[in-house]
Amino acid sequence: MAEIRFGLIGVNGIGRTHRRALENMEGAKIAAVCDIVEEWAKEAGEQYECPWFVDYHDLVARDDIDIVSVLTPHYLHAPMAIAAAENGKNVFVEKPLCISVSEADAMIEAAQKNNVKLGVCHQQRSSRQFRLLKKMIDAGEIGTLWRVVMISCGVRTQAYYGTGEWRGTWSLEGGGVLINQHVHDVDTLQHLVGKPSLVAGNIQTLTHDIAVEDLATAFIHFENGVDGLFQTSNIDGATFNGIQVAGNKGILVSGQGLRIGRPEMPSDQFARENPEKFGKMETTWEDLEPEEGPSGHPAMIQDMIDAVVNDGQPEVHGEEARTAIELLNAMILSAKRQKMVPVPVDRAEYDELLAELRADEQ
Ligand SMILES: NC(=O)c1ccc[n+]([C@@H]2O[C@H](COP(=O)([O-])OP(=O)(O)OC[C@H]3O[C@@H](n4cnc5c(N)ncnc54)[C@H](O)[C@@H]3O)[C@@H](O)[C@H]2O)c1
């Protein structure tokens, strides 16, 4: 089989991770590179003995590239991915897919029209723990899902926001902790539980001198009837990432380790049939040990290659990644307009809000 030829846009930052992964991957090679910083583009071009560019239009126009990887700041994802698709290239985009649902629609449409694959690097899904959670939920281990609580909190310093002029802005980053540091969790939440249908959110900026949020809290109702709570932050000293998913036959809890609690009988049956007013039910707890398996960037890149080679869909294709954008756009819209927001998000309404937020930070 011929090697799959990658064209990388953005060779530093997360580009380094993609470079390392591709250097070690059989059946793939770096065939062209681009970076706005000429020195970095040239250095990478010399390392891989391939053409290098400072203007991404030159890279996407080449006819010796199979997959264009968009590894640049958020505001560039949509224009670069669309340009690549219009030049007949499959596109692999770093998370988040883009900034707004209307951009997401345009990217998906461009990929469909030009008959190319659009994949998104939401590698958290490939972690051992989340693969096992997904498998157990889908296998009905905890029965009918009822509720979910996800907390994904960490910290970024003010100095972090100084590492790129795009960070901390509505114009270029398109949001804060929701769209950047913890968009992986927004994606994983919907991957595990299902499509959201109604969102109420609040966002705040508490400890950073930035325009975008560093704390977000949301109530989410899902199409399958599940009620969820989600909180994420960049303001906590101690990082905590945990999820609790409960159904009638059990509860999955991950945070420090992964456990399943199995009640002695389905809890809805117990509630109906137990004759005592304050009946207690035994629950057996079991520690779960996820299996080793492909994970991280190498797994996501390999998945994208497989989709191109086998003419299938990447695991996180455009529509799949759009749901995270729906969710976080809905949280921001809800917070700013002080109302509950149905999903799909009203495209024009979110674009109008984003234009206001961008104008305010000028
Ligand atoms: N999957 C993950 O876990 C993960 C981790 C970190 C970053 N990211 C994502 O990767 C993307 C890039 O983040 P980063 O921290 O590497 O950003 P960054 O600011 O370091 O930029 C990445 C690269 O893009 C280049 N670049 C910027 N504008 C360009 C342009 N117009 N043309 C060509 N190159 C350009 C920069 O010079 C740099 O080399 C973001 O979408 C971010 O959310 C993902």
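Student: Why is glutamate 289 called exposed?

Tutor: This is a predicted model, and in it glutamate 289 has 61% relative accessibility.

Student: What makes arginine 128 and glutamate 289 a salt bridge?

Tutor: Their side chains meet at 3.7 Å, N to O. The cut-off is within 4 Å, so the pair qualifies. The two partners sit in distant parts of the chain, 161 residues apart: arginine 128 is in helix α6, while glutamate 289 is in the loop between β14 and α10.

Student: And arginine 128, which label does that residue get?

Tutor: Partly exposed, because its relative accessible area is 31%, and that falls between 20% and 50%.

Student: How do you know that lysine 134 and aspartate 138 are separated by about one helical turn?

Tutor: Count along helix α6: lysine 134 and aspartate 138 are 4 residues apart there. An α-helix has 3.6 residues a turn, so residues three or four places apart point the same way. Those two side chains meet in a salt bridge as well, at 3.3 Å, N to O.

Student: What does the salt bridge between glutamate 356 and arginine 337 tie together?

Tutor: First the bridge itself: the side chains of glutamate 356 and arginine 337 meet at 3.1 Å, N to O. Glutamate 356 lies in helix α12 and arginine 337 in helix α11, so the pair ties together parts 19 residues apart in sequence.

Student: How many salt bridges does a search of the whole structure find?

Tutor: It finds 21. There is also a network of salt bridges that links Asp105, Arg322, Glu326 and Arg347.

Student: Now serine 69: buried or exposed?

Tutor: Buried, because its relative accessible area is 0% and buried means under 20%. Serine 69 is in strand β4, and among the residues it touches are Phe6, Leu8 and Phe92.

Student: What makes helix α8 mostly covered?

Tutor: The count does: 11 of its 11 residues are buried, including Val183, Leu189 and Val193. Just after α8, glycine 194 takes a positive phi of about 135°.

Note on methods. Residues numbered from 1 in each chain as written. Predicted model: local features only at pLDDT ≥ 70, side-chain atom pairs only at ≥ 80, totals over all residues. Heavy atoms only, no water. Helix = DSSP H or I, 4+ residues; strand = E, 2+ residues; numbered from the N terminus. Buried < 20%, exposed > 50% of the residue type's maximum accessible area, 1.4 Å probe, protein only. Contact = heavy atoms within 4.5 Å.
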